[in-house]
Amino acid sequence: MDTSLLATKFNIPSLRPGLVTRPRLLEQLQHFYNYKLILISAPAGFGKTTLLSEWILHGNVGYPYGWVTLNAEDKDPLRFWTYVITALKKIIPSIGETSLSLIQSTPQISIVNLLTVLLNEINSVAEEIVLILDDYHLIDLPQINQEVTFLLEHIPPNMHLIISTRIDPSLPLARYRGKGTIMELRENDLRFTAGETESLLSEIVSTPISAQDIKALNMKAEGWVAGLKMAGISMRDKKDLSTFIADFTGSQRYIMDYLFEEVLQQQTPDIRNFLQKTSILDSMNASLCDALTQTTFGESILLTLEKANLFIVTLDESRQWYRYHHLFRDLLRHQLNKELLEDEIKSLHLNASLWYEGNRLLEAAINHALIAGDWEKAMYLINNPDVHHHRVGPVTTLNWLKQIPEELLRTDVWLYVTYMWVMIMTGNNEDAEKCLKYLDGVAKNEENLEGWIAATRAILASNNNDYRLFEEYGKKALSLLPEDNSGVGLITGTLATMYAIQRRYNEAESLLRKTYETYLQTGNIAVSIPSLLQIGFITFLKGELAQAVTIYQRAIELAEGYSGSLTLLWLVHMLLGCVYYRWNDLEKAAFHQELAIDLFQTPIYHIIEGLDSAYLFMAVTKTAMGDKKGAQDALEKADQLLEQTNPVNQARNAAFHGVFTLYQDDTGTALEWVEKLKELDIPIPYEAPGIIQHFVDTQKSKSEVKKHLQVEYAFCTAQELDTHIIPIRIRQALISDQPAEALEFLGDALKLSKTSGNIRDVVDFGISLVPLLRQAVSQGVETTYTRKLLDIIISEEHLRKTNISRLSNVTSSSGILSEREDEILHLVAEGLSYQEISNRLFITQNTTKTHIRHIFDKLGVNGRRQAISKARTLNLI
């Protein structure tokens, strides 16, 4: 286990002798497996933690369980999830294997990606798993609440989350209630009954108490467990219990007064001194207590307090670590602040800091140094490499540094650089700009510092989508920083991605290779693989398909050898599928596409953008294989995922739908998809098959198309993008009015196609290309290879026509349409538009179009009018 984590936070608090068992609540908890969230919400002192401890320690759970006791320092997302994952790994070792390594190896990891990996790990486990988060009210960070919501939205059926809290967390509880996925135990459920109060008092008070007095006391305390317990302690030396109960009030203020007068004041000076001084701690052991009190009696006093039942909770089975009951601790701290001078309290925190530092618990050491106001000590500790080795999150680091006076931070320029960077990482860009202005004034020809300033300005420009400034500052940073500087990898990777987006592939490739080698040499496998995949993709675009496959296979080897990168495998297989599709090895293409999709097939994988694209590529492969149903199924699944995606993905979806309709000779619907592309104002994606690209060309003026294609050809030639050049040259050939020119364009495409084995970027233009290919054969242009391409097109065309003919032979209405299709057919007959049908049936427009396409297929028609006519002939309407 990471030594920076406090082991006692994973321990279930021990149960005291004489515990009042609560069978009615334990029975309710026994039904936890029917719910994904079990919420126990009530104010302090209602026995939430004790109830959960009893439930678990008495063997009622029956399944592996993990426990985390949270505190205010856990408000950093990275720290919070590290504790959560570690708690799960302690019970199921396979959980956390990948997710924890991601935390340790991936800079600025996306928590959503981390949770995706974690959820997959949980889903792969057969056992039911229970995770308890105690004292969740101390986590009041909106980001963590959003992440827990994400976890709950995609939680596998074998996991159950229990949250114990004083206040309701900011989670969509109403939605969970509506779905019946939440169990709730609240204040009214947790109140002691008269019978439970009687059991409690019988363990504390030796004098018999009448049933009437017990009932009266329980009513006054309103079943508040802490209040009843404290009342019982106060009753030990009272002779007239009825009078005491009559005067008793169950308010928290009253109870606090009693704690002071009847508990704290009754202790010896040594015990009282011990209690007050150690109250600054969230948890304690004898050695730590001795460090604070400057005595050697810590162990004996802790045992005395435990035996006296003085509101102390055991945190481990070996009875080494303890904590005070929260209400009691609050009282002790209040008294400490009243009775000790500020400098004396600071001295206690410094002693605690020294102890934590000596025991390598650096985060706790930093927290106490900050509370003590010892800024130099805190800065020294924050600079400790072990702190960064343990992957302290940016939120925690920023919270630490914000407490230190800025003038003092500026005396340590590199710590001030850290301060600036964690501001950027937490979205405080304006404050980071102020830091930059100061650093500009102190850099003074210090190349390393000037390099970091330039790198910071580059990242800020990138965050603002100002690519011009990003490139300017990024290049400056690279010219100033040494090659082994961590900022180099960050800048080269981001700059390469920007170049790729701008289609500046040659510049991107050189930077990516540098980034890949740098990360590989430093052992940062998780970051090196994305760079390798981008290199492979550029290699693919350059027409070096075999080399691209080699690169992708290397990526698989790296990913499988390093668990932190397994989540990239789906992308590798999707890219391999694209290569094998180009080679017309459709079986292998489908294999890799199905493998990519399979990697998404858990309850949570649909959150990753890209799955819709995987289904679209699968649809095209299935279409080429003549598997119309498989293609339709893949398109439908892509449509279901489209609502979460961006306009670029919507354009890809429209283009691939256009391909499918053209294969069905349904040019009317294809035109509608082309109109969708126009509405989006996004060029047709390069990966869309040639048949739709040429169809779009025919809808424009020839001069416009020729001009556009010539510009694209010049650009791709300069970038050596042979995979793009093939369809461009074919489109130029098909649109040309001059036979000799058309043949020249086609000849260029055929040479590139033959060299790389890229068959599909030619044959996907379909029957429209056949006359030109025959002319090429007659003119001796790549004769053998061209005949091979002709055979593929003609064979696929024959299969396509056979399928269409078979569908057009429908002669009976029996079982033709599904219930939903029949409903939509009637709405089509009424003249409703796609949008009107979608609104009427509360479905998306894409779903409506998919159903209508199925109707056309089943009726063997190509448009609405034909469909209505055929439906009337078959008495369907």
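The structure is a predicted model, and its average pLDDT is 85. A score of at least 70 is reached by 93% of the residues. Where pLDDT is low, the predicted coordinates should not be read in detail.

Strand 1 comprises residues 37–41, and it pairs with strand 4 in the parallel sense over five bridges. Within this pairing, Leu-37 stands opposite Leu-161 of strand 4, and Ser-41 has Thr-165 of strand 4 as its bridge partner. Strand 1 is also joined to strand 5 (residues 182–186) by five bridges, and these two strands run parallel. Here the bridge partner of Ile-38 is Met-183 in strand 5. Strand 4 in turn pairs with strand 3, in the parallel sense and over five bridges.

Strand 4 (residues 159–165) is mostly covered, with seven of its seven residues buried. On one side of strand 4 are Met-159, Leu-161, Ile-163 and Thr-165, and on the other are His-160, Ile-162 and Ser-164. Both faces of strand 4 are therefore covered, as the residues on each side are all buried.

Helix 29 spans residues 505–521. At 1.5 Å a residue, its 17 residues should span 24 Å, and the C-alpha atoms at its ends are 24 Å apart, which agrees with that expectation. The buried residues in helix 29 are Tyr-505, Ala-508, Glu-509, Leu-511, Leu-512, Thr-515, Tyr-516 and Tyr-519. An α-helix has 3.6 residues a turn, so residues three or four places apart point the same way. The cover over the buried residues of helix 29 includes helix 27 (467–480), helix 28 (486–501) and helix 30 (525–541). It also includes helix 31 (545–561) and helix 39 (702–719). After helix 29 comes Gly-523, which has a positive phi near 80°.

The model contains 15 aromatic pairs. In one of them, the ring centres of Phe-32 and Tyr-33 are 5.8 Å apart and the planes lie at 75°, so the pair is edge-to-face. The two residues can also be described by their accessibility. Phe-32 is buried, with a relative accessible area of 1%, whereas Tyr-33 is partly exposed at 41%. Phe-32 and Tyr-33 form one aromatic cluster with Trp-55 and Tyr-63.

Another pair consists of Phe-80 and Tyr-136. The ring centres of Phe-80 and Tyr-136 are 6.5 Å apart and the planes are at 75°, so this pair is edge-to-face. The pair links distant parts of the chain, 56 residues apart. Phe-80 lies in helix 3 (residues 77–91), and Tyr-136 lies in the loop between strand 3 (129–134) and helix 6 (142–153). Phe-80 counts as buried at 0% relative accessibility, and Tyr-136 is buried with a relative accessible area of 1%.

Arginine side chains are placed over aromatic rings at two sites described here. Arg-729 lies over the face of Tyr-713, at 3.6 Å from the ring centre. Arg-864 lies over the face of Tyr-834, at 5.0 Å from the ring centre.

Thr-314 belongs to strand 6 (residues 312–314). This threonine has a relative accessible area of 5%, so it counts as buried, the cut-off being under 20%. Leaving aside residues up to four places away in sequence, Thr-314 touches Pro-13, Ser-14, Glu-306, Arg-319, Trp-321 and Tyr-322.

Key: Residues are numbered from 1 along each chain as its sequence is written. Side-chain values use heavy atoms; hydrogens and water are left out. Helices (H or I, at least four residues) and strands (E, at least two) are DSSP runs, numbered from the N terminus. Buried means under 20% relative accessible area, exposed over 50%, partly exposed in between (1.4 Å probe, protein chains only). Contact means heavy atoms within 4.5 Å. The expected span of a helix is 1.5 Å times one less than its number of residues. pLDDT is the predictor's confidence in each residue, from 0 to 100. Rings of Phe, Tyr and Trp (its six-membered ring) pair if their centres lie within 6.5 Å; planes under 30 degrees apart count as stacked, over 60 as edge-to-face and the rest as tilted. A charge sits over a ring if NZ of Lys or CZ of Arg is within 6 Å of the ring centre and within 35 degrees of the ring normal. Two strands pair if DSSP finds at least two bridges between them.
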